[in-house]
Amino acid sequence: MSRYRLFPVPAQEAVLRDHCAHARYVWNLAVEQHSHWRPGREGAPGYLEQCRQLTQARAKHPWLAAGSQTVQQQALRDFAWAMAAYLDRGNPVRRPSWRKAGRNEGFRIVGRRRQWDVRRLSRRTGAVWIPKAGWVRFRWSRLVPVGAKSYRVTMDRAGRWHVAFTAIPEPIRAPDNGEVVGIDRGVAVSAALSDGELLTVPGLTGRERTKLRRLERKLARAKRGSNRRAQARLAIARLRARETDRRKDWAEKASTDIARRFDMIRVEDLQVRKMTRSAKGTAVSPGRNVRAKAGLNRGILRSGWGLMVRRLEDKAPGRVEKVNPAFTSQRCSACGHVDANSRESQARFACTACGFACHADVNAARNIAAGHAVTARGGDGIARPVNREPHLLASLVGRE
Ligand SMILES: [Zn+2]
């Protein structure tokens with residue numbers, strides 16, 4: 001997805017803010033309707049039923065009726081899509097949740113029929129058509145993807161507007177070299193490739209992190225509602241937005257590169273969502289190691305792993321395989337010996353049987369590349385899911 005800075009004039013900005021408020025209202029209504037619903041149960045209203053309810057709501061609330069029906073209906077369609085993605089067992093994402101004012105502001109426009117609602121005004125300027133606002137200028141900072149069917153307009157916490165064109169990336173042709181790569185996701189290293197390459201998501205630089213800590217202290221000291229507080233919040237939001245941009249950029253570039261270089265791409269069948277959830281535990285049995293796990297989960301999400309896998313599947317359709325991750329961190333990729341003691345530390349693997357040693361994440365990536373259904377030593381042939389986390393936990397506990 002490519003984002004461009006959007007520059008609405010003040011009158012347009014007022015319209016965009018209304019669109020955001022309406023989309024958020026409609027979305028939250030849908031969230032509320034689905035909040036008591038669990039998979040397998042019937043009863044939550046579907047998209048068509050919700051559209052009917054939207055018509056009723058518009059009849060009741062003039063402020064909603066004054067807004068764009070296109071924007072409001074699209075919010076419902078987005079919600080239906082998010083729900084379907086949440087229920088997709090193969091590649092689940094987080095359950096759609098409440099949108100907060102000032103935090104998750106945005107709405108989607110679907111291009112009218114075949115008409116492409118983007119114009120180029122000059123070398124550096126384009127304009128995109130938005131209902132009730134008309135043509136809004138944006139910075140033509142890079143190529144606008146051909147074949148984009150919709151665009152999403154967002155306002156970040158720093159008050160900046162963006163437009164992102166959604167186009168399913170063109171499949172990248174396989175290099176036809178017969179090469180298979182395994183990718184292991186990590187925390188210290190964002191991803192390890194079976195050919196030994198280590199990829200790291202660029203986060204904030206040391207200076208930026210120092211600045212962020214200073215700002216957070218400033219925010220904590222500032223009085224509620226004060227100018228100083230608002231300034232600190234804005235600066236923090238800018239830094240966080242920069243971090244997100246870098247992570248997204250990384251996922252795009254890394255996935256393109258991998259899709260170009262390898263015929264077959266194997267990744268762990270890792271349900272990030274499951275792991276993210278397990279940390280909270282339940283009221284009856286609170287999750288163990290909640291603090292440490294929360295740290296790990298932040299790491300996973302921050303690493304942009306989920307985004308990268310989705311992009312790989314877009315760019316290399318039919319060439320991505322998900323492999324059972326059981327024992328990939330304990331199995332020697334050279335001789336096949338499985339032993340937890342071989343994992344010397346988070347970074348180091350040294351086989352207790354044959355002495356083969358390499359970077360632990362690379363060793364795991366090599367197992368993933370081989371696509372082994374690994375079984376425990378002397379085991380019964382059933383690959384039990386093994387908790388891959390302890391070695392990561394140890395390092396995280398030390399870091400937090
Ligand atoms: Zn070995």
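Trainee: So what is the arrangement of the four donor atoms around the zinc ion?
Mentor: It is tetrahedral, because the four donor atoms subtend angles of 106 to 112 degrees around the zinc ion. Keep in mind that this is a predicted model.

Trainee: Which residues coordinate the zinc ion?
Mentor: Cys 332, Cys 335, Cys 351 and Cys 354 do, each through its SG atom, at 2.3 Å.

Trainee: And how are the donor residues spaced in sequence?
Mentor: The pattern is C-x2-C-x15-C-x2-C.

Trainee: Let me pick out two of those. Is Cys 351 buried or exposed?
Mentor: Cys 351 has 6% relative accessibility, so it counts as buried. Cys 354 counts as partly exposed, because its relative accessibility is 42%.

Trainee: Which residues line the largest cavity?
Mentor: The lining is made up of Val 26, Leu 29, Ala 30, Gln 33, Gln 50, Gln 53, Leu 54 and Leu 76.

Trainee: Now the strands. Where is Ser 150 found?
Mentor: Ser 150 belongs to strand β6, which covers residues 150-155. With a relative accessibility of 9%, Ser 150 counts as buried because that is under the 20% cut-off.

Trainee: What does the Ser 150 side chain make a polar contact with?
Mentor: The side chain of Arg 108, in a polar contact of 3.2 Å.

Trainee: Let's do backbone angles next. What is the phi of Lys 132?
Mentor: Lys 132 has a positive phi of about 70 degrees, although it is not a glycine. Most residues other than glycine have a negative phi. Lys 132 lies in the loop between β4 (125-130) and β5 (134-139), and with a relative accessible area of 55% it is exposed.

Trainee: What about the phi of Asp 176?
Mentor: Asp 176 is another residue other than glycine with a positive phi, near 65 degrees. You'll find Asp 176 in the loop between β7 and β8, where it is exposed at 69% relative accessible area.

Trainee: And where is the place of Gly 178?
Mentor: Gly 178 is also in the loop between β7 (161-166) and β8 (180-185). Gly 178 is exposed, with a relative accessible area of 57%.

Trainee: How far apart are the C-alpha atoms of Gly 178 and Phe 262?
Mentor: They are separated by 7.4 Å, while the two residues are 84 residues apart along the chain.

Trainee: Last one, I promise. Where does Arg 94 lie?
Mentor: Arg 94 is in the loop between α4 (69-87) and β2 (105-110). Its relative accessibility is 60%, so Arg 94 counts as exposed.

Trainee: Great, thanks for walking me through it!

Definitions and conventions:
Residues are numbered from 1 along each chain as its sequence is written. This is a predicted model: local features need pLDDT of at least 70, side-chain atom pairs count only at pLDDT 80 or more; totals for chains, interfaces and linings use all residues. Side-chain values use heavy atoms; hydrogens and water are left out. On a 1 Å grid over the protein atoms alone, a cavity is a set of points where a 1.4 Å probe fits but cannot get out, and a pocket is an open set with protein on both sides within 12 Å along at least five of seven lines; lining residues have an atom within 4 Å of a point. Donors are N, O and S atoms within 2.8 Å of the metal (3.2 Å for Na, K and Ca); water is not among the atoms, so sites may look incomplete. Four donors count as tetrahedral if all angles lie between 85 and 135 degrees; four count as square planar and six as octahedral if opposite donors are over 155 degrees apart and all others between 65 and 115; anything else is irregular. Buried means under 20% relative accessible area, exposed over 50%, partly exposed in between (1.4 Å probe, protein chains only). Helices (H or I, at least four residues) and strands (E, at least two) are DSSP runs, numbered from the N terminus. A polar contact is a pair of N or O atoms within 3.5 Å; within protein, one must be able to donate a hydrogen and the other to accept it, and residues adjacent in sequence count only if both atoms are side-chain atoms.
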